[in-house]
Each structure stands twice: as C-alpha cells, then as structure tokens.
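Hi there,

Here is the structure I promised to pass on.

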Amino acid sequence: NKKAIFGISLILIAIFAIGSASAFDLGSMFGGGGNETVTIDGIDFNIPAGFSEDPNHETVNKTNEQSGITYVTNGKLYEKGDTIVTMLVADYGKHKVTDEVAESVGGDAKTINDVNGYLAHKGKFSVFNYAKNDKLVIISTNDESVIGDFIME
C-alpha cells in the first residue's frame, strides 16, 4: 500500500515531465505531540498529530530526466493507522512550474485550504497537485479527507 502511493506520486511526476515538455518548449523536523511542520525542498507542510514518518520511503535530491527535462524530487511518507500520505516536491530548475503547468498533470480543479490545484483519483488513491514557489507539489493519499490537513499556505 505504501509503495503504491509512493509509486503513483513518482509516476505522476514522470507524466508531468512528459506532458509538460511542450509547455516548456522543448529538511525535516518531526516530533511527538501536536501538529508539526516539515519543510521539503522549501515547501512547508503541516504534519497532523498522530502521523509518523516512514524514513524508508524518503526521497532526497533524486535527479530524474524525462523528455529532455531534468528535475529533482524530494519527498516524505507519513502514516497513521491505515492512512498513508506522501508529499513530493519536484523542482524543474529554470523551467518554472505555473498553475497552467500543474493543470497539465491532470485532475479536476479544486481549492483545498485556499490552495488552487488539481485533484485526481487513481483507484483507491487521491492525488492533489499544485504549483508553489515555481515547483510542483504532489500530495497522494488513500484518504482524500486528510489532504487539507497537510497543506500550509
């Protein structure tokens, strides 16, 4: 189940690179107790109380290339009971990610916690992606109701 969510997130990033080639013309802190903040490649996420990180599914500065575009991904996986949430951030360097580029990843336009993005459903998994700080942010989970709990403005 964890591998499936993590895999879907990585596949979406690969799909994004393929689909966006024409559009481009070509650290963490976690502790016990209440909510915490974790920063992944400059993007802050809220980690709700009770969720714990699975360090076996962390991605650190993984360089990828698709359709001639090189990008770097960083990500973490958190779980609480049967709920699994993966957060990935993809940095495309000089290719800035915009809302229009995030739209090309797919999904239905949706606003969660005042963040405009795109929500897609892949089997039992929900995937919300959006552009922030010129990067692509992807939150994947098997429980759509928790997505907003992880988003920080």
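**What I found**

The side chain of N46 has a polar atom 2.6 Å from the backbone oxygen of D149. That is a polar contact (N or O atoms within 3.5 Å; within protein, one must be able to donate a hydrogen and the other to accept it, and residues adjacent in sequence count only if both atoms are side-chain atoms).

Before going further, a word on the source. This is a predicted model, in which local features need pLDDT of at least 70 and side-chain atom pairs count only at pLDDT 80 or more, while totals for chains, interfaces and linings use all residues. Residues are numbered from 1 along each chain as its sequence is written, and side-chain values use heavy atoms, with hydrogens and water left out.

As for confidence, pLDDT is the predictor's own score for each residue, from 0 to 100. The protein has a mean pLDDT of 82, and 78% of its residues reach 70 or more. Please be careful with residues 16-33, where the pLDDT is below 50; this stretch still has 43 contacts in the model beyond near neighbours in sequence. Contact here means heavy atoms within 4.5 Å.

Back to N46, which sits in strand β2. Strands (E, at least two residues) and helices (H or I, at least four) are DSSP runs, numbered from the N terminus. N46 counts as buried because its relative accessibility is 14%; the classes are buried under 20% relative accessible area, exposed over 50% and partly exposed in between, with a 1.4 Å probe and protein chains only. Leaving out residues up to four places away in sequence, N46 touches N35, E36, D149, F150 and M152.

F150 leads on to the core. Beyond four places in sequence, F150 is in contact with F45, N46, I47, P48, F51, Y78, V85, M87 and I139. A nonpolar core is a set of buried Ala, Val, Leu, Ile, Met, Phe, Trp, Tyr and Cys residues joined through side-chain atoms within 4.5 Å. The largest one holds 21 residues, and those touching the most other members are F45, M87, F128, Y130, I139, F150 and I151. At least two residues of this core come from each of β1 (36-40), β2 (43-47), β6, β8 (115-122), β9 (125-132), β10 and α3 (147-150). There is also a second, separate core of 13 residues, including A90, V97, V101 and L136.

β6 runs antiparallel to β5 (residues 69-80), with nine bridges between them; strands pair if DSSP finds at least two bridges. K80 stands opposite T83, and the hairpin has two residues between its strands, with G81 in the turn at a positive phi of about 60 degrees. Six bridges join β6 to β10 (residues 135-141), again antiparallel, and there M87 stands opposite I139.

Two asparagines have a backbone worth checking. N61, in strand β4 (residues 59-66), has a positive phi of about 45 degrees although it is not a glycine. N61 counts as exposed, since its relative accessibility is 52%. N113 is in the loop between β7 (108-112) and β8, with a positive phi near 50 degrees. At 37% relative accessibility, N113 is partly exposed.

Best wishes
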